Amino acid sequence: MSSVSGLKRAVLFLITVYVSVPVLLYMFPWILASVIFSHMLRFPLMADLSRPENFLNHTRNFYLHAEGGVTLGVWHTLAASQWEEAHGGSPEWYRETLADDNPVIIYLHGNEGTRAQEHRVALVKILSAAGYHVLSLDYRGFGDSSGEPSEAGLTTDVVSLYQWVKKYSRQSPVYLWGHSLGTGVATNAAVKLQEQGSAVDAVILQAPYTRIGEIVVRHRLAKVRVCLSVCLSDCLSVPVSIKTYICDICLDVTTAVF
Ligand SMILES: *[C@@H]1O[C@H](CO)[C@@H](O)[C@H](O)[C@H]1NC(C)=O
């Protein structure tokens, strides 16, 4: 008996979640935006982004003023072959190196964390060793950049950085490299630049997606649903067939929300 009433409670709970979560997200769209961008998760914690030397050699930190009054934190890492000349290089000197014919990569990271995150720094080291300039950008609302993220805002940030690079890069090719969420930003920005008559030399997409909903269901944050169903089925000690049913409902909840 108790397991039947427990099951009723569980089903009622799931129906409530099923109805209330989409309504809540509809009423407060910023919740969904915060989940997707996860910009509040400033990994690595306590990192001083103004001191890139803690993470990368021959790298300068600077702040770019983008459209909409936001200030964006950017690291400019030189090709590793220039490590000697780079020692003590002034901001002007760093800017001028952009015209040295080494290709320039604007690196657009994925959601959560900052430009100092370990796997991002590791990629920058590889690209730098391969002879590229790398500009790692923290979009608005990420890292030490001001403002709040939005799809349009992130695109604007990339267009602003691209235009800044083009002011100094002369004949050097300029590429956009997007990772995960950054692939959407890279393609949006490339289209916008094309429309403005300034085509990007290449767009590189690492781990791209076709629909954000497909990633969300597979994202580790979505594992909340697994935890929920396991907990419910365990504490109710319901038959195996019902357990599967509850899992299915949970999956549906996630898919419905995103
Ligand atoms: C900078 O380069 C030196 C010499 O190659 C190396 O020992 C050091 O670990 C590098 N620093 C960082 C932050 O990667």
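Q: Over how many bridges do strand 1 and strand 2 pair?
A: This is a predicted model, in which local features need pLDDT of at least 70 and side-chain atom pairs count only at pLDDT 80 or more, while totals for chains, interfaces and linings use all residues. Residues are numbered from 1 along each chain as its sequence is written. Strands are DSSP runs of E with at least two residues, numbered from the N terminus, and two of them pair if DSSP finds at least two bridges between them. Strand 1 and strand 2 run in the antiparallel sense, and their pairing extends over eight bridges.

Q: Which residue in the turn between strand 1 and strand 2 has a positive phi?
A: Across this pair, arginine 60 stands opposite histidine 76 of strand 2. The two strands form a hairpin with three residues between them. The positive phi, about 90 degrees, belongs to glycine 68.

Q: What is the bridge partner of tryptophan 75 in strand 4?
A: Strand 2 (residues 70-77) pairs with strand 4 (residues 133-137) over four bridges. The sense of this pairing is antiparallel. Within strand 4, tryptophan 75 has as its bridge partner serine 136.

Q: At roughly how many degrees do the axes of helix 6 and helix 7 cross?
A: Axes are lines fitted to C-alpha atoms, for helices over the stretch in contact, and angles run from 0 to 180 degrees between N-to-C directions. The axes of helix 6 (residues 151-169) and helix 7 (residues 181-195) come within 9 Å. They cross at roughly 60 degrees.

Q: How many residues of the contact of helix 6 with helix 7 are nonpolar?
A: The contact includes Leu154 and Tyr162 in helix 6, and Val185 and Lys192 in helix 7. Ala, Val, Leu, Ile, Met, Phe, Trp, Tyr, Cys and Pro count as nonpolar, Asp, Glu, Lys and Arg as charged, and the others, Gly among them, as polar. Two of the contact residues are polar and one is charged, and the nonpolar residues number seven.

Methods: Contact = placed C-beta atoms within 7 Å.
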